[in-house]
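Trainee: I want to check the labels on this model before I use them. Can we go through them one by one?

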Amino acid sequence: MNKERAWNLLKEISFVRVSGTAEEKRAAEIFLKAAQDAGVDAVIEEFETENAKVYEASLEVLEPEYRKYPVIGIGKTAATADEGVCGGFKYIENGLDANLTDIAGKIVLVQGRVMPELAKKLKEKGALAYILLAGNIYEEDSIRNELRPTNAFGTSHEIPGVKLHMCDGEELVRSRPEKVRVILKTEEVKQPSWNVVATIEGTDLKNEVLVYSAHYDSVPYSPGSWDNGTGSVTVWELMHYFKEHRPRRTIRFLLCGSEEIGLVGSKKYCEAHQEELKDVIFNINFDMTGVTLGYEHVRCSCSEDTMHAIEHLAKVEGFPLDAKLGMYSSDSSSFAEAGVPACTFARLAPRGGAEIHNHHDTMDRLDPDSFMTTLCFTAKLGEQIANAAVNPIPRKFAQKVTEEMEERAKMRGTDKKDKTADKQEEKKD
Ligand SMILES: [Zn+2]
């Protein structure tokens with residue numbers, strides 16, 4: 001494994017790489033070329049995402065005093081007529097029933113995520129639109145302007161939604177507006193996105209497969225060096241390693257597109273390769289490694305036995321690793337939900353130590369030596385699994401994992417086909 005090669009690749013792909021854009025595709029092509037240059041079989045697999053385009057969104061206070069706030073429209077919510085919707089205003093906090101007693105004809109401000117169930121209630125009780133709070137009230141101006149596109153959580157919402165910065169939300173509530181207007185022009189669109197898949201075929205146990213994965217897309221404004229250039233480059237460096245150390249089992253190196261709009265790339269991969277999934281014994285996913293200030297975490301969506309085995313190896317290697325059972329907001333969840341035991345490695349920063357999902361996510365907060373530590377440990381872990389005499393990973397899930405899986409299904413609403421739920425708020429602990 002080569003630190004310089006990894007760092008150069010990370011620099012090369014540190015540009016904004018949003019789902020469905022030419023930049024996402026450009027990043028996929030950079031990875032493809034790196035694999036081909038290394039003499040590894042690799043392909044780009046295109047898939048379709050169901051996304052939304054927002055053409056116009058605005059929020060105006062009409063009475064008692066005119067004011068206009070910067071907002072962005074929430075995709076997969078209902079468009080308004082050209083002239084918008086206009087009515088009273090109410091701050092409905094968490095949207096408990098007691099908050100919703102007098103919302104007919106009003107535009108409501110809500111905190112937290114609007115689940116499909118709440119969106120339905122708002123519509124039924126006659127609310128005209130909802131305003132979602134985002135951001136942090138202490139944010140500097142440069143970040144305040146980076147409200148990023150969001151889609152309705154779960155299923156599409158039959159009521160228009162816009163997103164407002166926390167600071168403006170506070171001002172709005174304090175000013176007790178009597179009449180407000182929301183305009184939202186949006187439609188649902190299908191867009192292409194791309195997974196990159198490299199394969200190193202195993203020697204004598206090649207029908208069994210280990211999948212290393214990471215997403216390589218980023219969000220608007222974010223060069224995504226930490227989230228998740230680091231994970232992507234980790235997977236590609238592992239590819240170089242196993243090219244030199246050919247494993248007994250087959251290893252796939254999967255870089256997923258469109259993770260940031262709801263784990264779409266990994267879900268599409270699992271759908272497209274359903275037949276092969278029964279032979280995939282484990283998925284080791286990476287989402288954000290190499291940050292200078294941070295601690296090593298692995299979220300295990302597998303059996304307790306497998307988690308203990310990972311912890312055991314970490315202790316043997318002197319790798320300080322915080323291991324927990326559960327689901328994670330990353331591509332490992334797609335594999336777990338498809339029945340494949342999985343885990344995600346992450347190096348998580350202390351609060352205030354480093355930020356993702358805005359222009360601060362650059363190489364500045366990263367440390368090549370920390371990056372290499374995670375890489376070396378997970379190479380060892382993968383090597384033990386890929387070369388084991390018998391498959392050491394039980395194909396089962398701890399009770400806690402199953403429960404969280406069920407919880408996620410419930411949160412998504414009944415429409416399990418909807419893949420573009422916004423997940424940014426559950427991104428980190
Ligand atoms: Zn990520």
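Trainee: Which residues does Asn51 touch, not counting residues up to four places away in sequence?

Mentor: This is a predicted model, so keep that in mind throughout. Asn51 touches Ser19, Asn151, Glu187, Glu188, Val189, Gln191 and Ile261, with residues up to four places away in sequence left out. Asn51 itself sits in strand β1.

Trainee: Why is Asn51 called buried?

Mentor: Its relative accessibility is 9%. The cut-off for buried is under 20%. Asn51 therefore counts as buried.

Trainee: What makes the pairing of Asn51 with Asn151 a polar contact?

Mentor: The distance. The two side chains meet at 3.0 Å, and the limit is within 3.5 Å. The side chain of Asn51 also makes a polar contact with the side chain of Gln191, at 3.5 Å.

Trainee: On to the domains. Where are the bounds of domain 1 and domain 2?

Mentor: Domain 1 covers 3–51 + 191–420, and domain 2 covers 54–186. These bounds come from an automatic or database domain assignment. The C-alpha centres of the two domains lie 35 Å apart.

Trainee: How many residues of domain 1 and domain 2 are in contact?

Mentor: 15 residues of domain 1 are in contact with 18 of domain 2. Contact here needs heavy atoms within 4.5 Å.

Trainee: What area is buried between domain 1 and domain 2?

Mentor: About 1300 Å². Carbon and sulfur atoms give 51% of that area. The value is the accessible area the two parts lose on being put together, summed over both.

Trainee: Now helix α2. How does its reach compare with the span expected at 1.5 Å a residue?

Mentor: α2 runs over residues 22–37, 16 residues in all. From first C-alpha to last, α2 reaches 22 Å, close to the 22 Å expected.

Trainee: Which residues of α2 are buried, and what do they pack against?

Mentor: Glu24, Ala27, Ala28, Ile30, Phe31, Leu32 and Ala35 are buried. They pack against α1, β1, β9, α6 and β11. After α2 comes Gly39, with a positive phi near 75 degrees.

Trainee: And which residues of helix α5 are buried?

Mentor: Cys167, Asp168, Gly169 and Leu172. Just after α5, Arg176 has a positive phi of about 45 degrees.

Definitions and conventions. Residues are numbered from 1 along each chain as its sequence is written. This is a predicted model: local features need pLDDT of at least 70, side-chain atom pairs count only at pLDDT 80 or more; totals for chains, interfaces and linings use all residues. Side-chain values use heavy atoms; hydrogens and water are left out. Helices (H or I, at least four residues) and strands (E, at least two) are DSSP runs, numbered from the N terminus. The expected span of a helix is 1.5 Å times one less than its number of residues. Buried means under 20% relative accessible area, exposed over 50%, partly exposed in between (1.4 Å probe, protein chains only). Buried area is the accessible area (1.4 Å probe) that two parts lose on being put together, summed over both. A polar contact is a pair of N or O atoms within 3.5 Å; within protein, one must be able to donate a hydrogen and the other to accept it, and residues adjacent in sequence count only if both atoms are side-chain atoms.
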